[in-house]
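Subject: Structure handover

Hello,

Please find the structure below. My notes on what was found in it follow.

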Amino acid sequence: MIKSSPFCSLLLIFVLISSITSSKASICSKNGIPLVRNISELPQSDYGRGGLSHITVAGSVLHGMKEVEIWLQTFSPGSRTPIHRHSCEEVFVVLKGSGTLLIASNSHEKQPGKPQEFPIFSNSTFHIPMNDAHQVWNTNAYDDLQVLVVISRPPVKVFMYEDWFMPHTAAKLKYPYYWDEDCFYSPKDEL
């Protein structure tokens, strides 16, 4: 039988807390990130949106990127993004699967309005102009849709719509966005 001393117990608690803290810090660290990383080892989550797998490959909040952010997103059959817009450009590369892009280029109108529909497919690419309301939908009944996404001007401020005819002024701002919440730091206003 091995007896444990209070010192050993405290040491064990310290090691456990240190490992939890360092794993949290490593996810959000802007320093010390290896130049080459294995995407399958990066943290992924659905962020409460069933059917989504999101990985921030290179991000402003997580990794200190200044001009671009890159995501790898996988949508299961039938899943989709919310109808949304943001004040940055966005480029998609479809790695596998197929689906539908819905986009309303009516940012000068009072609401997005009826969207145009475009089929998207493996090896296709498309871009979303700044402030155009859009939605990406995996309309394939059997296969996942996987996209590589590049955005400018991170971290992204997203305005979400309940439907295509909701006024722009009623869209709900989500900032920081779900995948930036754990690492987002906003300095306190000193005034």
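A residue is called buried under 20% relative accessible area, exposed over 50% and partly exposed in between, with a 1.4 Å probe and protein chains only. This is a predicted model, in which local features need pLDDT of at least 70 and side-chain atom pairs count only at pLDDT 80 or more, while totals for chains, interfaces and linings use all residues. Residues are numbered from 1 along each chain as its sequence is written, and side-chain values use heavy atoms, with hydrogens and water left out.

Overall layout

The chain has 191 residues, of which 38% count as buried. It contains two helices and 11 strands; these are DSSP runs numbered from the N terminus, with helices being H or I of at least four residues and strands E of at least two. Read from the N terminus, the order of elements is α-β-α-β-β-β-β-β-β-β-β-β-β.

Rings of Phe, Tyr and Trp (for Trp the six-membered ring) pair if their centres lie within 6.5 Å; planes under 30 degrees apart count as stacked, over 60 as edge-to-face and the rest as tilted. By this rule there is one aromatic pair. F92 and F126 form it, stacked, with 4.5 Å from centre to centre and 10° between the planes. The two residues are 34 apart in the chain, F92 in strand 4 (residues 90-96) and F126 in strand 7 (residues 125-128), so the pair links distant parts of the chain. F92 counts as buried because its relative accessible area is 3%, and F126 counts as buried because its value is 11%.

V93 also lies in strand 4, but V93 is partly exposed, at 33% relative accessibility. Together with V91 and L95, V93 forms a nonpolar patch on the surface with about 200 Å² of accessible area. Patches are made of residues with over 30% relative accessible area and no salt bridge, where like charges are joined within 9 Å and nonpolar side chains (Val, Leu, Ile, Met, Phe, Trp, Tyr) within 5 Å. The areas come from the Shrake-Rupley method with a 1.4 Å probe, and for residues only the protein chains shown count as cover.

Charged side chains

A salt bridge is a side-chain nitrogen of Lys or Arg within 4 Å of a carboxyl oxygen of Asp or Glu. The whole structure has one salt bridge. The side chains of K172 and E162 make it, at 3.8 Å from N to O. K172 is in strand 11 (residues 172-174) and E162 in the loop between strand 10 (158-161) and strand 11, so the bridge ties together parts 10 residues apart in sequence. E162 is exposed, with a relative accessible area of 62%.

A charge sits over a ring if NZ of Lys or CZ of Arg is within 6 Å of the ring centre and within 35 degrees of the ring normal. R80 lies over the face of W137, at 4.2 Å from the ring centre. The charged end of R85 sits over the ring of F159, 4.4 Å from its centre.

Other positions

P119 belongs to strand 6 (residues 116-121) and is exposed at 64% relative accessible area.

A141 is in the loop between strand 8 (133-137) and strand 9 (145-152), and is exposed at 57%. Its C-alpha atom is 6.6 Å from that of G78, although A141 and G78 are 63 residues apart along the chain.

Regards
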